[in-house]
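Work through the exercises below with the sequence and the model on screen. Each task is followed by its solution.

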Amino acid sequence: LALASKPRILLCTSGVAREGLDAPYLDCLLLLTPSVRIEQQVGRIQRTMSGKRNAIVLDLVDKMATFQHWSMARKRRYQDLGATVQFVSIDIPTPTP
């Protein structure tokens, strides 16, 4: 199928993106995870295809210190992978009793 006829948005779990995703036409990864094991997910969108835009990762990061720490670890991995990434800071409110 032509690139224009491919789905523009694909939602899947991290496990599917790691192991069973074959969609080289994707050019954006929206990642919300505490994991630093991101190689497979990033690699899926870094595949080349005629007519495809440059791939970008949008990494959503909660402002909590623990999540900030994990995002810094992912930042090093993105650099190792040569990925274009933009960190997006989010503030998920803590539920009150």
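Buried means under 20% relative accessible area, exposed means over 50%, and partly exposed lies in between (1.4 Å probe, protein chains only). The model is predicted, so local features need pLDDT of at least 70 and side-chain atom pairs count only at pLDDT 80 or more, while totals for chains, interfaces and linings use all residues. Residues are numbered from 1 along each chain as its sequence is written, and side-chain values use heavy atoms, without hydrogens and water.

**Exercise 1.** Classify Tyr 78 and Phe 87 as buried, partly exposed or exposed.

Solution. Step one: Tyr 78 has 1% relative accessibility, so Tyr 78 counts as buried. Step two: Phe 87 has 29%, so Phe 87 counts as partly exposed.

**Exercise 2.** Determine how the rings of Tyr 78 and Phe 87 are arranged.

Solution. Step one: rings of Phe, Tyr and Trp (its six-membered ring) pair if their centres lie within 6.5 Å; planes under 30 degrees apart are stacked, over 60 edge-to-face, and the rest tilted. Step two: this rule gives 2 aromatic pairs. Step three: one of them joins Tyr 78 and Phe 87, with 5.9 Å centre to centre and 65 degrees between the planes, and is edge-to-face.

**Exercise 3.** Describe the surroundings of Gln 41.

Solution. Step one: Gln 41 lies in helix H2, residues 39-46 (helices are DSSP runs of H or I, at least four residues, numbered from the N terminus). Step two: its relative accessible area is 2%, so Gln 41 is buried. Step three: leaving out residues up to four places away in sequence, Gln 41 touches Ser 14, Ala 17, Arg 18 and Leu 29 (contact means heavy atoms within 4.5 Å).

How values were computed:
Helices (H or I, at least four residues) and strands (E, at least two) are DSSP runs, numbered from the N terminus.
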